[in-house]
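I ask you to look at the structure on the screen while I go through it part by part.

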Amino acid sequence: MFAATFLATAAAGSPQDPSFVVIAKGADQPQLAADKDGGFYCVFIRNGNIELSTSSDNGKTWSAPVTAIDAKGKARGGMQRGPRIGVDDQKRITVTAPLCFDEKELAERYPRAELWLARSTDGGKTFGAPIQVNEKARTAPESLHAMSVAPSGEAHVAWLDMRGRTKGQDLYYAKVVDGKPGRNVKISATLCECCAPGLAIDGAGNPVVAWRDGASSDSRPIWISISKDRGKSFSAPARINQVETRVAG
């Protein structure tokens, strides 16, 4: 859907072609969401912060970027480690991103991030202060994650977390109501440490989470877990691919 900082509005073309529209120069790690009326919302890393641009004319023109989360110019992205965005039926916007605000930690070569969430109730004009999603600090160093927002406004977040471990990571989940993250729940253990999970919401507002196995086998299967009570509990993991892939990396 994206080519660098360009949103494709036609099936083919190049950044110099009329079929591409510049959303924001110098942006990285873009993610897109749409509201029920066809409005578009694009979040990305730019100037070391988490920024947002919106379109109300089917992507033909975009608003000047606003800061969704002020990371003091320290936000980093790459390899699925960028921000995520979702919008509900009231056009309230939720943005999540892995960020580090600790000056001492930022001095490290690979600073450990926490998973942060910010919300806008005015269509993206302004955002509230960011709130940390992972309850236990310093356990989501990469914050590889997925996030989806239900039409009612509840946000569902899944991420890799290593609390209680010296190596390896587990899959955690939290439901966010009115911008406030709930209790962190472990869904599964031992995931691929460099693969972000996937998360979608069904028509009833129930989250469905998928992830890649992290076992040291010759084939890492894909697993899925489903909630039928809007995130209060999840089914036992079920394997999706029944045929061995023979892909270990």
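Trp 116 is buried, because its relative accessible area is 14%; buried means under 20% relative accessible area, exposed over 50%, and partly exposed in between, with a 1.4 Å probe and protein chains only. Please note that this is a predicted model, in which local features need pLDDT of at least 70, side-chain atom pairs count only at pLDDT 80 or more, and totals for chains, interfaces and linings use all residues. Residues are numbered from 1 along each chain as its sequence is written, and side-chain values use heavy atoms, with hydrogens and water left out.

Let me stay with aromatic rings. A pair of aromatic rings is described by the distance of the centres and the angle of the planes. Rings of Phe, Tyr and Trp (its six-membered ring) pair if their centres lie within 6.5 Å; planes under 30 degrees apart count as stacked, over 60 as edge-to-face and the rest as tilted. The structure holds four aromatic pairs. In one of them, the ring centres of Phe 101 and Trp 116 are 5.0 Å apart and the planes stand at 90°, so this pair is edge-to-face. The pair links distant parts of the chain, 15 residues apart: Phe 101 is in the loop between strand S9 (93–99) and helix H1 (103–106), and Trp 116 is in strand S10 (residues 114–120). Helices (H or I, at least four residues) and strands (E, at least two) are DSSP runs, numbered from the N terminus. Phe 101, at 32% relative accessibility, counts as partly exposed.

How far apart are the ring centres of Tyr 173 and Phe 234? They are 4.8 Å apart, and with the planes at 70° the pair is edge-to-face. Here too, distant parts of the chain are linked: Tyr 173 lies in strand S14 (residues 170–177) and Phe 234 in the loop between S19 and S20, 61 residues apart. Tyr 173 counts as buried, at 1% relative accessibility.

Phe 234 leads us to Ser 227, which is in contact (heavy atoms within 4.5 Å) with Phe 234, among other residues beyond its neighbours within four places in sequence. Ser 227 is found in the loop between strand S19 (222–226) and strand S20 (238–239). Is Ser 227 buried or exposed? At 0% relative accessibility, Ser 227 counts as buried. A polar atom of its side chain lies 2.8 Å from the backbone nitrogen of Gly 231.

Strand S18 (residues 207–212) pairs with S19 in the antiparallel sense over five bridges; two strands pair if DSSP finds at least two bridges between them. Trp 223 in S19 is the bridge partner of Trp 211.

Finally, I turn to charged residues. The structure holds 12 salt bridges, each a side-chain nitrogen of Lys or Arg within 4 Å of a carboxyl oxygen of Asp or Glu. In one of them, Arg 165 and Asp 170 have their closest N and O atoms 2.9 Å apart. Arg 165 counts as partly exposed, at 29% relative accessibility, whereas Asp 170 counts as buried, at 3%.

Conventions
Polar contact = N/O pair within 3.5 Å; in protein donor to acceptor, adjacent residues only side chain to side chain.
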